Amino acid sequence: MEVIIRAHREAATKLTAQIIADALKKKPNLTLGLATGSTMEMVYSKLAEMHKKENLDFSLCKTFNLDEYIGLPPENKGSYRYYMNKYLFNNVNIDPRNTHLPNGMAGDLSAECIHYENLIEESGGIDLQLLGIGRSGHIGFNEPLSAFRSRTREKALTPVTIAQNSPLFDKPEDMPKRALTMGVGTILDSKRIVMLVTGKEKAAILAKAVEGPVTAMVSASALQLHPKVVVIVDEDAAEMLQEKSYYRWIFDNEPDWLGYK
Ligand code: GLP
């Protein structure tokens with residue numbers, strides 16, 4: 001795992017978008033894993049800007065989102081399909097048929113989860129997975145005690161997650177309490193992972209995920225088991241990391257560090 005600390009949210013976000021853009025330029029038919037949440041809004045607006053100004057091409061790209069609420073149709077403003085259309089898909093030249101989210105409206109949710117896993121496999125697996133972190137330590141909606149070998153499935157959301165996400169709904173009580181999410185095992189199968197974490201309110205959970213013990217109580221700590229993870233953070237989120245100076249030293253002293261500078 002590599003940790004890159006940037007001065008501000010803006011710089012951390014820009015670097016994240018740049019990594020995605022570079023991967024897409026290198027492999028136009030990239031299979032990209034996507035995340036939602038307020039942290040990602042700026043990443044997607046940067047990608048949309050790159051599409052507009054630099055012709056960043058999404059025409060051959062396939063996407064798979066981490067998760068979706070159960071029971072919300074795509075036209076519901078709280079659904080992740082609505083979010084993705086609004087912040088990314090409607091603003092770039094991606095073929096809507098190449099964009100995938102688990103279908104939280106499916107009649108048979110277990111069959112939907114198996115179908116989703118199969119689609120990912122048929123696409124050749126996820127080349128690059130973008131992640132945020134929830135205050136419960138979740139990646140996707142893998143709440144505490146999610147098995148590290150779990151696959152896409154239905155998950156009940158914790159009170160911490162409900163408190164974090166319900167203000168995003170017009171009526172907070174309308175937030176579904178259950179979701180479909182890629183499993184921790186599904187995420188760990190990605191070839192490469194970039195996690196973006198910003199803001200003081202994430203400092204404690206970030207430190208647990210990156211430097212704490214690997215435990216199912218903090219799903220994001222499973223990332224310590226993956227050989228190709230970059231965690232991009234701003235100074236606020238980095239506040240509680242013990243080894244900050246080491247991470248900075250690596251970044252500053254490696255020539256053209258992984259090509260991210
Ligand atoms: C939701 C998503 C997570 C995401 C999290 C972070 O819960 N299921 O994948 O990491 O939001 O949200 P925010 O960026 O708003 O803090």
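## Strands around β9

In this predicted model, strand β10 (residues 229-234) is joined to β9 by five bridges, and the two strands run parallel.

Strand β9 spans residues 192-197. Five of its six residues are buried, so the strand is mostly covered; buried here means under 20% relative accessible area. Strand β6 (residues 128-131) also pairs with β9, again in the parallel sense, over four bridges. L128 has R192 in β9 as its bridge partner.

What kind of unit do β9, helix α7 and β10 make? Together they make a β-α-β unit, and this unit is right-handed. Helix α7 covers residues 203-211.

## A three-stranded open sheet

Another group of strands, in the order β4-β8-β7, forms an open sheet with antiparallel pairing. Why is one side of β4 and of β7 left without a neighbour in the sheet? β4 (67-69) and β7 (153-156) stand at the edges, and each has a single partner strand, so one side of each has no neighbour there. From one strand to the next, the twist averages 30 degrees.

The pairing between β7 and strand β8 (residues 178-181) is antiparallel and runs over four bridges. Within this pairing, A156 has R178 in β8 as its bridge partner.

Note on methods
Residues are numbered from 1 along each chain as its sequence is written. This is a predicted model: local features need pLDDT of at least 70, side-chain atom pairs count only at pLDDT 80 or more; totals for chains, interfaces and linings use all residues. Side-chain values use heavy atoms; hydrogens and water are left out. Two strands pair if DSSP finds at least two bridges between them. Axes are lines fitted to C-alpha atoms, for helices over the stretch in contact, and angles run from 0 to 180 degrees between N-to-C directions. Buried means under 20% relative accessible area, exposed over 50%, partly exposed in between (1.4 Å probe, protein chains only). A crossover is right-handed if, with the strands pointing away from the viewer, the path from the first strand over the helix to the second runs clockwise.
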